Amino acid sequence: MLLPNLPHESVPEGRTPEENVEFYHWGEKPVLHDTAKPHWDLIEQYDIIDFKLGTKIAGAGFPVYKGKGARLQRAMIQFFLDQAVEAGYTEIQPPILINAESGFVQQGSCPIKKVKCTMPLPMICISFRQPKYLLRIYTAM
């Protein structure tokens with residue numbers, strides 16, 4: 001049996017953080033003051049992410065970014081898109097509105113392969129990848 005993503009053979013075994021081996025270090029490690037808060041407390045204090053609303057709307061793992069949290073999220077996305085373009089990738093933005101043929105004929109690895117479209121057109125296509133399948137949600141406009 002083959003197991004995916006095994007550590008390289010040069011990685012030493014260890015069960016505690018103290019047994020970890022540091023191979024590379026960059027910059028100075030910050031020293032936090034005694035009243036420093038963890039990020040989850042800061043998120044709540046500044047009201048920048050709503051995990052409960054995201055879970056209600058889309059399920060676990062999909063937060064709703066609010067205010068400065070939404071701006072920070074967009075800035076990070078733009079930064080990484082810029083890095084990808086500099087590395088030679090081409091950014092694309094596919095249409096959000098799709099026709100039935102595009103949405104149901106080319107389903108890739110979607111587990112529901114025999115779906116007949118009965119919704120009026122156009123539709124909104126929301127796609128996101130999960131480890132083993134592509135899930136698409138279609139909403140009639």
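## Aromatic rings

Rings of Phe, Tyr and Trp count as a pair if their centres lie within 6.5 Å, and planes over 60 degrees apart make the pair edge-to-face. With that in mind, which aromatic pairs does a search of the whole structure find? In this predicted model, the search turns up one aromatic pair. Its partners are phenylalanine 79 and phenylalanine 80, whose ring centres lie 5.0 Å apart. The planes of phenylalanine 79 and phenylalanine 80 stand at 80° to each other, so the pair falls in the edge-to-face class, which calls for over 60 degrees.

Is phenylalanine 79 buried, exposed or partly exposed? Its relative accessibility is 45%, so phenylalanine 79 counts as partly exposed.

## The chain as a whole

Let's step back and look at the overall layout. The protein chain contains four helices and five strands. Starting at the N terminus, the elements follow the order α-β-α-β-α-β-α-β-β.

How much of the protein chain is buried? Of its 141 residues, 10% count as buried. The protein chain exposes about 13100 Å², and 60% of that area is supplied by carbon and sulfur atoms. Among contacts with a separation of 6 or more, 26% are between residues 24 or more positions apart.

## A nonpolar patch on the surface

Next comes a group of side chains to look for on the surface. Val21, Phe23, Tyr24 and Trp26 form a nonpolar patch there. Together, these residues have about 620 Å² of accessible area.

One member deserves a separate look. Phenylalanine 23 sits in the segment before α1, the helix that spans 39-46. Its relative accessible area is 68%, so phenylalanine 23 is exposed.

## The salt bridge

How many salt bridges does the structure hold? There is one. In general, side chains of opposite charge can pair when their charged atoms come close. Here the partners are aspartate 47 and lysine 66, with their closest N and O atoms 2.6 Å apart. The pair links distant parts of the chain, as aspartate 47 and lysine 66 are 19 residues apart. Aspartate 47 belongs to the loop between α1 and β1 (49-50), while lysine 66 lies in the loop between β2 (64-65) and α3 (68-86).

How accessible are the two partners? Aspartate 47 has a relative accessibility of 46%, so it counts as partly exposed. Lysine 66, at 25% relative accessibility, also counts as partly exposed.

Technical notes: Residues numbered from 1 in each chain as written. Predicted model: local features only at pLDDT ≥ 70, side-chain atom pairs only at ≥ 80, totals over all residues. Heavy atoms only, no water. Patch = residues over 30% accessible without salt bridge, like charges linked within 9 Å, V, L, I, M, F, W, Y side chains within 5 Å. Areas by Shrake-Rupley, 256 points an atom, 1.4 Å probe, with all protein chains shown as cover. Salt bridge = Lys/Arg side-chain N within 4 Å of Asp/Glu carboxyl O. Helix = DSSP H or I, 4+ residues; strand = E, 2+ residues; numbered from the N terminus. Buried < 20%, exposed > 50% of the residue type's maximum accessible area, 1.4 Å probe, protein only. Contact = heavy atoms within 4.5 Å. Phe/Tyr/Trp six-rings, centres within 6.5 Å; stacked < 30°, edge-to-face > 60°.
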